[in-house]
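Welcome! Please take a moment to look over the sequence and the structure below, and then we can walk through some details together.

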Amino acid sequence: MEAKIKTYKEFYEFYLKQHSHKTCRLLHVIGTTIVFALIITAFYHNNFKLLWYVPVSGYGFAWVGHFFFEKNKPATFKYPLWSLKSDFKMYFDILQGKISLDSSKD
């Protein structure tokens with residue numbers, strides 16, 4: 001039986017292990033970038049129908065990374081809010097160079 005994760009710090013360490021394949025991390029970065037682009041574009045052009053594509057692009061890219069490259073189940077299914085928070089944290093950590101797309105360099 002899997003131990004329950006109690007703190008966010010502990011969860012983020014688990015999250016990064018679940019995202020160790022560089023293609024999975026890259027797909028998360030691409031999906032999250034598209035999410036931000038859709039949100040900005042929707043508000044800039046006052047076209048809120050674009051917001052329907054936010055979960056499709058965010059989860060679509062991420063789940064391809066998990067199912068085809070990591071070969072694991074996304075953490076979203078068990079820890080949805082911490083997973084969402086961690087996706088943004090990992091995104092900005094990669095952009096700032098705090099972690100690498102290639103997890104062997106972390």
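A residue counts as buried when its relative accessible area is under 20%, as exposed when that area is over 50%, and as partly exposed in between. Leucine 27 has 14% relative accessibility, so it is buried. Keep in mind that this is a predicted model.

- Leucine 27 is part of helix 2.
- Is arginine 25 buried or exposed? Arginine 25 has a relative accessibility of 1%, which means that it counts as buried.
- What does the side chain of arginine 25 reach? It comes to 2.5 Å from the backbone oxygen of serine 100.

**The largest pocket**

- The volume of the largest pocket is about 280 Å³.
- There are 21 residues lining this pocket, and the closest to its centre are Gly58, Tyr59, Ala62, Leu84 and Asp87.
- Which helix gives the most to the lining? That is helix 3, with seven residues.
- By type, the lining residues are 12 nonpolar, eight polar and one charged.

**Aromatic rings**

- To describe a pair of aromatic rings, you give the distance of the centres and the angle of the planes.
- Across the whole structure, 16 aromatic pairs are found.
- One of them joins tyrosine 8 and phenylalanine 11: the ring centres are 6.4 Å apart and the planes are at 35°, so this pair is tilted.
- Both residues belong to helix 1 (residues 8-17), where they are three residues apart, about one turn of the helix.
- Tyrosine 8 is buried because its relative accessible area is 17%, and phenylalanine 11 is buried with a value of 0%.
- Another pair, tyrosine 91 and phenylalanine 92, is edge-to-face, with 5.1 Å from centre to centre and 85° between the planes.
- Tyrosine 91 has 8% relative accessibility and so counts as buried, whereas phenylalanine 92, at 38%, is partly exposed.
- Ring pairs also build a cluster, which links Tyr8, Phe11, Tyr12, Phe14, Tyr15, Tyr79 and Trp82.
- Tyrosine 8 has a further neighbour to look for: lysine 85 lies over the face of its ring, 4.1 Å from the ring centre.

**Two loop residues with positive phi**

- Where does asparagine 46 lie? You will find asparagine 46 in the loop between helix 2 and helix 3.
- The phi angle of asparagine 46 is near 55°, a positive value in a residue other than glycine.
- Asparagine 46 counts as exposed because its relative accessibility is 59%.
- Lysine 71 lies in the loop between helix 3 and helix 4.
- Although lysine 71 is not a glycine, its phi is positive, at about 60°.
- With a relative accessible area of 65%, lysine 71 is exposed.

Technical notes:
Residues numbered from 1 in each chain as written. Predicted model: local features only at pLDDT ≥ 70, side-chain atom pairs only at ≥ 80, totals over all residues. Heavy atoms only, no water. 1 Å grid on protein atoms, 1.4 Å probe; cavity = no way out; pocket = protein on both sides within 12 Å on 5 of 7 lines; lining within 4 Å. Points joined across faces, edges and corners; volume = space filled by probe spheres on them. Helix = DSSP H or I, 4+ residues; strand = E, 2+ residues; numbered from the N terminus. Nonpolar A, V, L, I, M, F, W, Y, C, P; charged D, E, K, R; others polar. Buried < 20%, exposed > 50% of the residue type's maximum accessible area, 1.4 Å probe, protein only. Polar contact = N/O pair within 3.5 Å; in protein donor to acceptor, adjacent residues only side chain to side chain. Phe/Tyr/Trp six-rings, centres within 6.5 Å; stacked < 30°, edge-to-face > 60°. Lys NZ or Arg CZ within 6 Å of the ring centre and 35° of its normal.
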